[in-house]
Amino acid sequence: MRTPLTTPSPTARTRYLAGAASVLAAVAMLAGSVQMGTAAAAPASPASPAAGSSPVVGAPAVDPATWAPVLADDFNGTTVNTGVWQLFNAPTGQRHHVTRNVVEANGMVSLKTIVNPTTHAWTTAGMCACKATTQTYGRYDMRMRLSSGDSRAVALLWGANSWPPEMDFAEFGAGNRQQISQTVHYGTRAQNLMIHNFVTVDMRQWHTVTLEWSPGRVQYYLDGRPTGTVTSRNVPNVPMWLGLVTSNQKTAAPTQSVDFDIDGIAVYSYLGGSTPGAAAPAAPTTVGAVAGVGSAAVSWTASTAPASAPVTSYTVTAAPGGATATVTGTLGQPPATTATVGNLTPGTAYTFTVTATNRAGTSPASAPSSPVTVSGGSAAGPGPSFTTAPTPSIIRGVVGSTPTSSDVTASVRFAASGPSPVCSYRLQRSTAGGPWTDVQVLRGATSAKDPLPAAGSTVQYQAQATDCSDVQSAWTPGPALTYRLTPDTDRGVVYAGHWTAPRCAACLGGLVHRSSSRGDSVTVTLANAASFGVVATVGPQQGGVKVYVDGVFVANAATHAVVGRARQLVYLGTFATPGPHTVTVVNAGSPGHNTVDLDGVVSLG
């Protein structure tokens, strides 16, 4: 039988009891105390994604008439924001949640099930946004993956005042993570009635899971596609909060370390929205334009739309060139019917069309305005200028088994300043000199995460800044960098000591270079590299390595793990100056774990 969440007493506000469920074959209770952080309070206003999009990669489109942003976290820091997230701490028992098992690094947060090196007891992890996300109805986007093992994991909504209700929108039992279990719990504590939904998918890879919770309805999505719907009077209608938990089984200790990785989370509150099947708006009418300095002021007559699906935004598009401007309504208010389109070329005649969008879709384009010719000069004032051009560096990933397959991700950083504060950025990417495509940037963020192309490809980013006076900068390109893979078999790799080359089906090229002696080294020379990563196997017999750049020690890197995995990035580094540079990896010879399996080096530059 499930044990419910215990409501905290008013005199013990820094400690909470928390729980999570597993409902695959038998229902297992996961509970522990929440250790509240002492960091600054959560920001008053959450970061807002662009209209119609989620800050979480792969999530379905967001209808701003239905969902208002509450929380967005891409876990791009080095410590968990304890002003928003509370970490579970239960030092004994089956749950055995410990705060150190929640680690934010390399662009993600990881909830770990691992052995305590001192007590040799298995420990788990849990966290919740207990205060920030307590609400009745909402939407939850989460990009995640989970390594194989016999520990359990769950992302859930938990009743803020009692149990049930509970909604598990991504729950995993022991095994190789080939299925998501999704469950609505209702009824009484003794009954624990359930409505199940199951999705077959390999969750060892990155996927985005979405839950939309509205009156009498739960909608599940995977990677933006609907996977199940619950329509019932038993759908919860009381406040709930978001939690993430790993746990041991009741009957046995785990035998493998487990990582529950989350790349990004977005939470929205429910505004009411429109009814399913509502029609898209009609096209706006009577579009007019007035030329300005490098810009044009455009106005139009509002579209007609169903009362159940009002217009949420308008987008103006200039021809030629395709420059756009979008205006979005606020809660209870329709969007404006005027917009200024900037970044236009002086002396060029432009026409403008307008489309309207609601939750059901986007209207046809309006008839074009009469042409107007914008002037030059600087009456609008100077726009922002970039102080840091968009430049990527490797932050995480598993190297593909061939040069054409990769799950390596870069962090693209950029910054600009101007006469007034910068309010937003746009970021675009070009691969191998191809067309520019948009990369999603959180509002106010000065970095973005983006998957790197296949090894051997050149990638380049360009950014544009808009200040709080709606003045745009020119597009500013960063350097064109090539993502390279130098496998352990490359002729330029120099080995010193006692290295062998055993076969390894999961490794690059089908083999790996192995050292079992402290002090054995391998050196790789990288030309024109800006950042790099050391690729190795991790596992029970592995120990650790020392990394040197140009002969200078920079860091120790661990390769020991309970679960063996090939092609792992065990160390990531950057170079302060342009290359060439040498990277030397030395077997550190950890007692009892002295094997090093080197598989190569990746670089970006």
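## Burial at C504 and C507

C504 counts as buried because its relative accessibility is 18%, where buried means under 20% relative accessible area, exposed over 50%, and partly exposed in between (1.4 Å probe, protein chains only). C507 is also buried, at 3% relative accessible area.

The model is predicted: local features need pLDDT of at least 70, side-chain atom pairs count only at pLDDT 80 or more, and totals for chains, interfaces and linings use all residues. Residues are numbered from 1 along each chain as its sequence is written, and side-chain values use heavy atoms, with hydrogens and water left out.

## Disulfides

A disulfide is taken as a pair of cysteine sulfur atoms within 2.5 Å. By this rule the count is two.

C504 and C507 form a disulfide with their sulfur atoms 2.0 Å apart. The link of C504 and C507 is right-handed, with 60° about the S-S bond. A disulfide also joins C128 to C130, with an S to S distance of 1.7 Å. The link of C128 and C130 is left-handed, at -80° about the S-S bond. C128 and C130 are both buried.

Strands are DSSP runs (E, at least two residues), as helices are (H or I, at least four residues), and both are numbered from the N terminus. Two strands pair if DSSP finds at least two bridges between them. Three strands form an open sheet in the order 27-28-31, with antiparallel pairing. Strand 27 (385-396) and strand 31 (447-451) are at the edges; each has a single partner strand, so one side of each lacks a neighbour in the sheet. Direction ignored, neighbouring strands of this sheet are turned by 20° against each other on average. The axes behind such angles are lines fitted to C-alpha atoms, for helices over the stretch in contact, and angles run from 0 to 180 degrees between N-to-C directions.

Strand 28 covers residues 409-417 and pairs with strand 31 in the antiparallel sense over five bridges. In this pairing, T409 stands opposite P451 of strand 31.

## Chain totals

The protein chain has zero helices and 44 strands. Of its 605 residues, 50% count as buried.

Contact means heavy atoms within 4.5 Å. Among contacts in the protein chain between residues at least 6 apart in sequence, 68% join residues at least 24 apart. The accessible surface of the protein chain is about 25,000 Å², and 54% of this belongs to carbon and sulfur atoms. Accessible areas come from the Shrake-Rupley method with a 1.4 Å probe; for residues, only the protein chains shown count as cover.
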